[in-house]
Amino acid sequence: MSHVSHRGGTQPNIFGKRKEPHTIIIAHGNDIKHFTVKPWMVFTGGTLCAAIAVGYLVATSYLVLRDDLIGATVARQARLQHAYEDRISALRTQVDRITSRQLLDQQLMESKVVELIERQEQLTSRDGQLGSVLKKAKASLGSVPVPNDKPSDESASVLDSTKTGSIAASLFSSTGVKTESTADRADRLFVAINRSLRDIDTGQVEQVRYLAETAKKNAGKIESALAVAGYRPKNKPETAEGGPFIAADSAEAVSSFSSEVEGLDAALNQLNQVKGAVRRFPLANPSPGSDITSTFGTRRDPLLGTAAFHSGMDFRGSMGAPIKATASGKVIFAGRNGGYGNMVEIEHGSGFTTRYAHMSQIYVSDGDDIEPGMIVGAVGSTGRSTGPHLHYEVRKNGNAVDPVTFIRAGRKIEDLL
């Protein structure tokens, strides 16, 4: 059995006071152990206990405060993360907005470019429509203004560049964001190109209309001249017009370009028709530059001196001077014909014939085809004649008519032929 006892306390003072060291005795059966507690041990033990207590307090405080510190740190990190996420979201939204605006601007530009290319191709495609009708207009009207179907140099260069790539891409900076100055330049460029193409379009339509109006005007003048001479072209319809009044600048009055070209073609056909009639109609002068010595109608006969009817008109000419046919036709007589002397008679159609008399030479034969201005003989004084001259007659359905009426009508339209 163990027994622990502590010995100390008060000892009898001998020769004054004396401290006894503290002794710890441990007994276990017959075994007895004792320890003497030194002062430094007590100090060391106290210090150690104090250190342990302080460490415990510190550890306890740390454990108590750690959760708060961790919680505060986590909260701060969460706030920073949320702030970063909000900033990233705002930046992403801004980028999306810029990208969307850029795409919209690019799509708008590309749509404008497509529109410009389509308009240019439309103008270019008109070459096929204009080609043949302009050749006909040049042949019928002579020197005429040709519609301009080419854009300006600036417009052409821009439109050509769009065929190999998108013009919209070139209007953006390297960052992909369109600058304000670039946008302004692009808008001005589009406006300029649109204006150029619109001017070409309008110019083509106006010039086609001008050609059609000129052809109609010329045809009208020729028809008027023919009408004065008593001739009406074949298949000429009677005037039959009408309909409600519609202002020329209204929407209903605006025709398509194809309709304008068709109108020009119809006007040229009308002009060519009357020109063809003119070629068969005796309007020319058979002896240009010669003096007229006797007119059509009643006169004093040069041989008998009595009143007589002159069925034609006489042109003074030197012996052998050329005599020209006044219209196209076919020779129905070439030879000697009584008082006419050497005579040529040409049939022109529609009941018209012309006679050329007193010739010294005949250069054509029966059945020959004649063109206007062809030389059919030479001035002479054969037959019933007092000297070298040309006796010229115009007959309709066998009856002599005044040639001067026809010659005057021909002078009015000679610049239109």
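This is a predicted model: local features need pLDDT of at least 70, side-chain atom pairs count only at pLDDT 80 or more; totals for chains, interfaces and linings use all residues.
Helix 5, which covers residues 257-279, has 23 residues and reaches 33 Å from its first C-alpha to its last, close to the 33 Å expected at 1.5 Å a residue. Among the buried residues of helix 5 are Phe257, Val261, Leu264, Leu268 and Leu271, and the buried set also includes Glu260 and Lys275.

Leucine 65 belongs to helix 1 (residues 39-141), and it counts as partly exposed because its relative accessibility is 48%, a value between the limits of 20% and 50%.

The largest pocket has a volume of about 470 Å³. Its lining comprises 23 residues, of which Arg299, Asp314, His358, Arg384 and His389 lie nearest the centre of the pocket. The elements giving two or more residues to this lining are strand 4 (292-294), strand 6 (307-310), strand 7 (313-316) and strand 14 (389-396).

Most residues other than glycine have a negative phi. Histidine 358, in strand 11 (residues 352-362), has a positive phi, and so does asparagine 397, which is found in the loop between strand 14 and strand 15 (399-401). The table sets out phi and accessibility for these two residues.

| Residue | Phi | Relative accessibility |
|---|---|---|
| Histidine 358 | near 65° | 6%, buried |
| Asparagine 397 | near 55° | 59%, exposed |

Histidine 358 counts as buried because its 6% is under 20%, whereas asparagine 397 counts as exposed because its 59% is over 50%.

Methods
Residues are numbered from 1 along each chain as its sequence is written. Side-chain values use heavy atoms; hydrogens and water are left out. Helices (H or I, at least four residues) and strands (E, at least two) are DSSP runs, numbered from the N terminus. The expected span of a helix is 1.5 Å times one less than its number of residues. Buried means under 20% relative accessible area, exposed over 50%, partly exposed in between (1.4 Å probe, protein chains only). On a 1 Å grid over the protein atoms alone, a cavity is a set of points where a 1.4 Å probe fits but cannot get out, and a pocket is an open set with protein on both sides within 12 Å along at least five of seven lines; lining residues have an atom within 4 Å of a point. Grid points are joined across faces, edges and corners, and a volume is the space filled by probe spheres set on the points.
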